[in-house]
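I am starting a notebook on a structure that is new to me. The entries below record what I looked up, one topic at a time.

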Amino acid sequence: MRIEARRWMSGDGWTSRPGELRDAQLVFAFGSRHVFEDASLFADLASAYPDAEIIGCSTAGEIFGTQVTDESLVSTAISFDGTTVRCARVAIDDPAQSFDAGCRLAAALPHENLVHVVVFSEGIHVNGTNLVRGLASALPPSVTVTGGLSGDGHRFARTYVVWKGKPEQGSIVAAGFYGSALRVGYASLGGWDPFGPERLITKSRDNVLYELDGQSALELYKQYLGEHAADLPASGLLFPLSLRTSSDATPVVRTILAVDEKEQSMTFAGDMPAGAYARLMKANFDRLIDGAAGAAKVSYAAVGGSSPELALLISCVGRKMVLQQRIEEEVEGVRDVMGERTVLTGFYSYGEISPFTPDARCELHNQTMTITTFSEMKEGGRLVRPTVADETSALQR
């Protein structure tokens, strides 16, 4: 596996011109919504990597090594030695289509020799829980899925997904990885502390929450938020809800995408089923950073042998808002685990898609750091060190 990582920033341009890895099969492109509206940058990528599938999404922050930036474009080109990549795209214009969109996306990828799928989705008008369920129902049980929902900073106005090297709205894209050479690891961990009582969801519809314990969920939520309630939905990222569907289920975290004052409802990134229990969460700085390192340890161990060649980091916009100037500490924690040879790339999202651990089922998460690691085996079963085609690679470490 050979990797070429670059970053473009206004005023600085590219760290170095892309194009050394012209035989790349796949390019991940992550950038701010405003940067995505500059067509010339994607023309640069298409020219540099003529045979590559270029996919990605808009973000709430970009990860380039251990640096976290806004209003930039990060591209990561990959040339595999023994792995084939196939990509697919489906359209979505209503959250009610999410399950069907997942099924159609899975069906669009050939299943023979498929080992892993990475998904980037529209970030606002989607029910991430149902998207994941649709994917899982239509993919072979042995195929794992990771990815995330696109972002738009703290604006929640519109998001983009990159397909065929061009940003577009209302889309979900997937990259399928094929062959026995690839080793994939993944994990998703949080670090939030619960507070207040656990409350029963008494009225909801899919990912729209109306009542907790028979009372207006929005009014209860505002009482907890106090002065922060005026800044909803953005301030909701600081106070997510923990969702528990049964006594023995691992809780998942949900964050708000929108509020409706007229209907007294809150729309979340994933399902909020009636009969489940919800509890407010608040940040714990040290545990957030420890959670990122914990996810790194689990995903590192899954590939075995030596440092992964590539790590795709998808963290939540809420974590970025909480950590603020300490945000790079969670990425530095990942670097400490992975070592200097692993190329780190990724973005801050509106939702993360991954199993908690290698033996768990895939779910939509919020407020987690989700890490997917990739390494290729050479003949004889030996993991190889990555070759990074980037004379400025020190910039991203």
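This is a predicted model: local features need pLDDT of at least 70, side-chain atom pairs count only at pLDDT 80 or more; totals for chains, interfaces and linings use all residues.

**Entry 1: helix H8 and what follows**

Gly 339 comes after H8, and its phi is positive, near 95 degrees. I then listed the buried residues of H8, which spans residues 327-338. They are Ile 327, Glu 330, Val 331, Gly 333, Val 334, Arg 335 and Met 338.

**Entry 2: Ala 292**

I found Ala 292 in helix H6, residues 285-303. Is Ala 292 buried or exposed? Its relative accessible area is 0%, so I noted Ala 292 as buried. The C-alpha atoms of Ala 292 and Val 334 are 6.4 Å apart, while 42 residues separate the two along the chain.

**Entry 3: Glu 53**

I next checked a charged residue, Glu 53, which sits in strand E4, residues 53-58. Why does Glu 53 count as buried? The relative accessible area of Glu 53 is 19%, and buried means under 20%. Not counting residues up to four places away in sequence, I found Glu 53 touching Gln 25, Leu 26, Val 27, Cys 87 and Lys 164.

**Entry 4: helices H3 and H4**

How do H3 and H4 pack? H3 covers residues 98-108 and H4 covers residues 128-138; I noted an angle of about 35 degrees, with the axes 7 Å apart. The crossing of H3 past H4 is right-handed. From H3, the contact uses Ser 98, Phe 99, Ala 101, Gly 102, Cys 103, Leu 105 and Ala 106. From H4, I wrote down Asn 130, Leu 131, Arg 133, Gly 134, Leu 135, Ser 137 and Ala 138. By class, the residues of this contact are eight nonpolar, five polar and one charged.

**Entry 5: the largest pocket**

The lining of the largest pocket divides into 19 nonpolar, four polar and seven charged residues.

**Entry 6: the second largest pocket**

How much space lies in the second largest pocket? I have about 370 Å³ for it. Of its 24 lining residues, Trp 192, Ser 242, Pro 251, Val 253 and Met 281 are the closest to the centre. Elements that supply two or more residues here are E14 (182-189), E15 (192-194), E19, E20, E23 (277-283) and H6. E23 gives the most, with four residues. I counted the classes as ten nonpolar, ten polar and four charged.

**Entry 7: the cavity**

The structure holds one cavity of 30 Å³ or more, and the largest cavity contains about 90 Å³. Which element gives the largest share of its lining? I found that H5 does, with four residues. H5 (217-225) and E23 each supply at least two. Among the lining residues are Ala 217, Leu 220, Tyr 221 and Tyr 224, along with Ala 278, Arg 279 and Leu 280. The classes are nine nonpolar, no polar and two charged.

**Entry 8: backbone exceptions**

Most residues other than glycine have a negative phi, and most peptide bonds are trans. I looked for departures from this. Leu 232 and Pro 233 are joined by a cis peptide bond, with omega about 5 degrees. Pro 233 lies in the loop between H5 and E19. Gln 264, not a glycine, has a positive phi of about 55 degrees. I placed Gln 264 in the loop between E21 (256-260) and E22 (265-268), and noted it as partly exposed at 22% relative accessible area. Gln 324 also has a positive phi, about 50 degrees. Its loop runs between H7 (317-323) and H8, and Gln 324 is exposed, with a relative accessible area of 51%.

Definitions and conventions: Residues are numbered from 1 along each chain as its sequence is written. Side-chain values use heavy atoms; hydrogens and water are left out. Buried means under 20% relative accessible area, exposed over 50%, partly exposed in between (1.4 Å probe, protein chains only). Contact means heavy atoms within 4.5 Å. Axes are lines fitted to C-alpha atoms, for helices over the stretch in contact, and angles run from 0 to 180 degrees between N-to-C directions. A crossing is left-handed if the near helix is turned anticlockwise from the far one by less than a right angle, and right-handed if clockwise. On a 1 Å grid over the protein atoms alone, a cavity is a set of points where a 1.4 Å probe fits but cannot get out, and a pocket is an open set with protein on both sides within 12 Å along at least five of seven lines; lining residues have an atom within 4 Å of a point. Grid points are joined across faces, edges and corners, and a volume is the space filled by probe spheres set on the points.
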